[in-house]
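Me: Please take a close look at the charged side chains here and how they pair. I would like one connected account with the cut-offs stated.

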Amino acid sequence: MLTEISSTTKFLDENTVINAISESLKKIDIKDKKILMLVPDKTRHCPLPLIFKTIYKNIGGMVKKLDVMVALGTHRPMTEDQILDMFNLSYEEKAGMNVAFMNHAWDDPSALTEIGTICSDEISKYTGGLLEKDVPVTINKKIFEYDRIFIIGPTFPHEVAGFSGGYKYFFPGVSGEEIIYFFHWVGALITSMKISGVKENPARKIIEKCASLIDMTGTCYRMVDDHDNSSGMLSGEELEAWVVAADLAKQYQIG
């Protein structure tokens, strides 16, 4: 079920966000489940400490496992100090939590598994004939150790994917280098002028095709910013929430 809270006149206050997340978690079967949170690194902005701590407070004692993976793509791995700073956690607070924090290892073949291939005919269809090749799809194999994925992060206009967020936290967020490089090459060929701020585009179609190869339940918490303030939040199944979040981002950030 999709929950939307937004404001076009002022930022969302902390209590509104906390209450919305807490209510959404009551609708999810998470007791004794293993949960993985996919989160952005410091190159993306959202109230990550608030969202994480609210989720942990609500379900930390109910789940079998609750871990965090930074969806780096090919970005530089974060140090422990950087991760704790990003979550506004002290070492003492972390020690009291049964949570593992980890970086995605995009360049470690042993950390990846191949889940399928996008065939050349499909690639040609998606790109209007610009490219035609088989593309293997690999992803961090640790995600399959969990029962449910929570995807947390912002949605905003993006020069390669049209809008950030959604299944982009899987591809290229926690995928292998071949699909990461291919995805960015598609964006470069089409150009950011034709992609940024466009919800339906070839790069996004490739992302969604890759995501269709994953048989796993995902729940997301998407934030939409109006300049410096969080003016919208969506929670629910990932694709549905991303579609609405992209529309809000277009309204708030493009106009």
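Reply: Lys26 is exposed, at 63% relative accessible area (exposed means over 50%, buried under 20%, partly exposed in between, with a 1.4 Å probe and protein chains only). This is a predicted model, in which local features need pLDDT of at least 70 and side-chain atom pairs pLDDT 80 or more, while totals for chains, interfaces and linings use all residues. Residues are numbered from 1 along each chain as its sequence is written, and side-chain values use heavy atoms, without hydrogens and water.

Lys26 forms a salt bridge with Glu23, N to O 2.9 Å (a Lys or Arg side-chain nitrogen within 4 Å of an Asp or Glu carboxyl oxygen). Glu23 is partly exposed, at 43%. The whole structure has 8 salt bridges. Another of them joins Asp29 and Lys33 at 3.3 Å; Asp29 is exposed at 53%, and Lys33 is partly exposed at 26%. Lys142 and Glu145 also pair, with their closest N and O atoms 3.2 Å apart; Lys142 is partly exposed at 28%, as is Glu145 at 36%.

Asp41 is a buried residue without a salt bridge: the nearest side chain of opposite charge, Arg44, is 5.3 Å away (Lys and Arg count as positive, Asp and Glu as negative; His and chain ends are not counted). The side chain of Asp41 instead makes polar contacts with the side chains of Thr43, at 2.5 Å, and His75, at 2.8 Å (N or O atoms within 3.5 Å, one able to donate a hydrogen and the other to accept it; sequence neighbours count only if both are side-chain atoms). Leaving aside residues up to four places away in sequence, Asp41 touches Val70, Leu72, His75, Met78 and Met86 (heavy atoms within 4.5 Å).
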